[in-house]
Structure formats: structure tokens, C-alpha cells
Amino acid sequence: MPTLYYAAGACSLAPHIALEWIGAPYEAIKVQYGSEKLLAINPAGAVPTFREDDGWLLTQAGAILDYLSHKHPEAALGGGEDLRAKAEAHRWSAFFTSDVHAAFWPIFLPDRYTTDKSENALRSVVEAGHRLVAKQFGILERHMSGREFILDGGRSIIDAYSFPMIRWAIKLLPGGLTDYPNIQALHDRVKADPAVARVLSQEASNG
Ligand SMILES: N[C@@H](CCC(=O)N[C@@H](CS)C(=O)NCC(=O)O)C(=O)O
């Protein structure tokens, strides 16, 4: 059975949601970052890691989401079929991988971004991370004005991709989503989906 290795609330939540939306059988296995079990299949020791039933492995959240949407066209999660719709899906996938996810690293792991390990220096790195995230969330907030979902073609893998990062922002930004009502609305729309509720409950309880 196709298998997703995930950690609760991590970026692996995105392909977990996509798999639940698709509705085909899959297994989700909770793992620890950098554990021997995970390193045996992904030398980066990171989630998400996806294994097909013939043993083929795929890493990188954006690639897994793209693969799942193409493997299951019947689920219509790719955001549309024409050339520009596909380009928009790639654009937003890259935005979440390279701009938004990367902006959270100084908040998650400030010690990796400074050789000065004093409390002041670390706090300053976290604050710089807050500003980086705010810049990217400003872009998403403006894009979401008057829209239900991120892509024109309706609910997509890109909404799933946004969801864990929006949850991180709620938890980690000093003002949460106060300045981002359109992103809050997107979050609430995705969260209200029963499939998403199932995934959140599984991630909270399993393992
Ligand atoms: N570029 C990778 C990043 C994956 C990644 O860093 N995942 C985090 C969780 S959100 C992780 O597993 N971190 C643990 C680590 O890197 O040790 C992707 O987009 O899939």
C-alpha cells in the first residue's frame, strides 16, 4: 500500500491531507525526525517521505503533492489542466517550499542562523524569522483577497500545502493571523473539511 511517513503537524501534514482528499487506500506512519527508521528510507531523516507499493521512494513535499495530483487526476487536486494553470501550481508550490517554509527555519532553529549563542542573538534571529514569515504571508494575504482557494481551479494540493504553515503561523507569529484575515478564512475553510479533521485527529493520536 502507498505509505506516507509523517510527523504530527509537520509539513508532511500537506500530503497527508491530499491522500485523504484522494480517498484511495494508503498507510500513514508516524516517525521521529532523524530516527533510524526514517534514515533507512530517507538519508535526510526528514518528513514527508512517501513510499509506493513497489518500494519506490519520493521525498520533498512539493514533489509528493505534485505526484499525487497527477497519479489521481480524478480527484482534481492539480488546480487545472491548461499550461498556465499548471505553471501557477508550480509557482505556488515553490512559494511554499522556498519562501514560506524556509522563512520558518530561523524561528524553529535560531541557533543554526548565528554563531553567537547568546539569548539576545537567538531572540534577534527569531524576530528576523517573524519578519520573513510576515513578508511571505503579506503576499499570500493579498493574493487571497476575494478568493476561496489559492489556485483558480478550486481546492487543490496547494491549499493542503499552505495548511501546516498557516498553523505554524497561528502558533508562532506574535500576533497570530490577526493581520491576515484572508489567510485566516482559508485556514478555517480547510480546517472545516471533514477529511482534514480526520487527518488532524489521526496525527494527534496515532503512534
Ligand atoms: N525540503 C523538504 C523539507 C522537509 C523538512 O525539513 N521537513 C521537516 C518537517 S516540516 C523535517 O523533517 N525536519 C526534521 C529535520 O530536518 O531534521 C520538503 O519540502 O519536504
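Let's start with a crossing: helix α3 passes helix α6 in a right-handed manner (right-handed if the near helix is turned clockwise from the far one by less than a right angle, left-handed if anticlockwise). The contact is made by Ala61, Leu65, Leu68 and Ser69 of α3 together with Ile157, Ala160 and Tyr161 of α6, where contact means C-beta atoms, placed from the backbone, within 7 Å. This is a predicted model, in which local features need pLDDT of at least 70 and side-chain atom pairs count only at pLDDT 80 or more, while totals for chains, interfaces and linings use all residues. Residues are numbered from 1 along each chain as its sequence is written. Helices (H or I, at least four residues) and strands (E, at least two) are DSSP runs, numbered from the N terminus.

**Helix α3 against α6**

- The two helices, α3 and α6, pack at an angle of about 150°, and their axes are 10 Å apart; axes are lines fitted to C-alpha atoms, for helices over the stretch in contact, and angles run from 0 to 180 degrees between N-to-C directions.
- α3 and α6 are therefore roughly antiparallel to each other (angles under 35 degrees count as roughly parallel, over 145 as roughly antiparallel, 65 to 115 as roughly perpendicular and the rest as oblique).
- The residues of this α3 and α6 contact divide into six nonpolar, one polar and no charged; Ala, Val, Leu, Ile, Met, Phe, Trp, Tyr, Cys and Pro count as nonpolar, Asp, Glu, Lys and Arg as charged, and the others, Gly among them, as polar.

- Helix α1 (residues 13-22) has 10 of its 10 residues buried, so it is largely enclosed by the rest of the structure; buried means 20 or more other C-beta atoms within 10 Å of a residue's own, exposed means 12 or fewer, and partly exposed is in between, with C-beta atoms placed from the backbone.
- Among the buried residues of α1 are His16, Glu20 and Trp21.
- The buried residues of α1 pack against the strands β1 (3-6), β2 (27-30) and β3 (49-51), and also against the helices α3 (61-71), α6 (157-172) and α8 (194-205).
- α1 and α6 pack at an angle of about 140° with their axes 7 Å apart, which makes α1 oblique to α6.
- α1 also passes α6 in a right-handed crossing, and the contact there is made by Leu13, Ala14, Ile17 and Ala18 of α1 and Ile157, Ala160, Tyr161, Phe163 and Pro164 of α6.
- The α1 and α6 contact divides into nine nonpolar residues, no polar and no charged.

**Around the ligand**

- The residues around the ligand include Ala10, Cys11, Tyr33, Val47, Pro48, Gln60, Ala61 and Thr97, each with its C-beta atom, placed from the backbone, within 6 Å of it.
- This shell divides into seven nonpolar, four polar and no charged residues.

**Backbone points to check by eye**

- Most residues other than glycine have a negative phi, and most peptide bonds are trans.
- A cis peptide bond joins Val47 and Pro48, with omega about 0°, and Pro48 sits in the loop between α2 (36-39) and β3.
- Gln60 is not a glycine, yet has a positive phi of about 80°; Gln60 is in the loop between β4 (57-59) and α3 and is partly exposed, with 18 other C-beta atoms within 10 Å.
- Ala76, also not a glycine, has a positive phi of about 50°; Ala76 lies in the loop between α3 and α4 (83-108) and counts as partly exposed, with 15 C-beta neighbours inside 10 Å.

Methods:
Contact = placed C-beta atoms within 7 Å.
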